[in-house]
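Subject: Structure handover

Hello,

Here is the structure for your files. My notes on it follow below.

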Amino acid sequence: MPRHTIDVRIDRGIDAPFGARWLRRVAGTALRREKLSQPAEVSLLLTSDEEVLRLNREYRGIDRPTDVLSFSFQDGSGDSAGES
């Protein structure tokens, strides 16, 4: 089974309902259930609306915060994969 990398960061001042340890376990379970043949990397960042707004502006040209901001690095393009 490939070795996966899971990085979780919760910015200071964020009242997260779940801790980094729990989030790492959930991400690890999801990766195992996918039965990937190659190593994968998942990074989770819980941050403020202001930071998501900044990231949306910088990487997507969108002038509003979103619930989720995701990037796929599988093809190396770094294009955003979704929002909610």
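Asn 56 sits in helix α2 (residues 49-60); helices (H or I, at least four residues) and strands (E, at least two) are DSSP runs, numbered from the N terminus. Asn 56 is buried, at a relative accessible area of 0%. Buried means under 20% relative accessible area, exposed over 50%, and partly exposed in between (1.4 Å probe, protein chains only). Which residues does Asn 56 contact, leaving aside its neighbours within four places in sequence? They are Gly 61, Ile 62, Arg 64, Pro 65, Thr 66 and Leu 69. Contact means heavy atoms within 4.5 Å.

A word on the basis. This is a predicted model, with residues numbered from 1 along each chain as its sequence is written; local features need pLDDT of at least 70, while side-chain atom pairs count only at pLDDT 80 or more. Totals for chains, interfaces and linings use all residues, and side-chain values use heavy atoms, with hydrogens and water left out.

Next, helix α1. It covers residues 20-34, 15 residues in all. From first C-alpha to last it reaches 21 Å, close to the 21 Å expected at 1.5 Å a residue (1.5 Å times one less than the number of residues). The buried residues of α1 are Leu 23, Ala 27, Gly 28 and Leu 31. They lie on the same side of α1 because they cover an arc of only 135° around the axis; the arc is that of the directions from the helix axis to the C-beta atoms. These buried residues pack against β1 (5-10) and β2 (41-46). The face turned away from the buried side carries exposed Arg 21, Arg 25 and Arg 33. Just after α1, Lys 35 takes a positive phi of about 50°.

Last, the aromatic rings. Rings of Phe, Tyr and Trp (its six-membered ring) pair if their centres lie within 6.5 Å; planes under 30 degrees apart count as stacked, over 60 as edge-to-face and the rest as tilted. By this rule there are two aromatic pairs. Phe 18 and Trp 22 are stacked, at 4.2 Å centre to centre and 20° between the planes. Phe 18 is partly exposed at 40% relative accessibility, and Trp 22 is partly exposed at 36%. Tyr 59 and Phe 71 are edge-to-face, at 5.5 Å centre to centre and 75° between the planes. That pair links distant parts of the chain: Tyr 59 is in helix α2 and Phe 71 in strand β3 (residues 69-71), twelve residues apart. Tyr 59 is exposed at 52%; Phe 71 is partly exposed at 29%.

Best wishes
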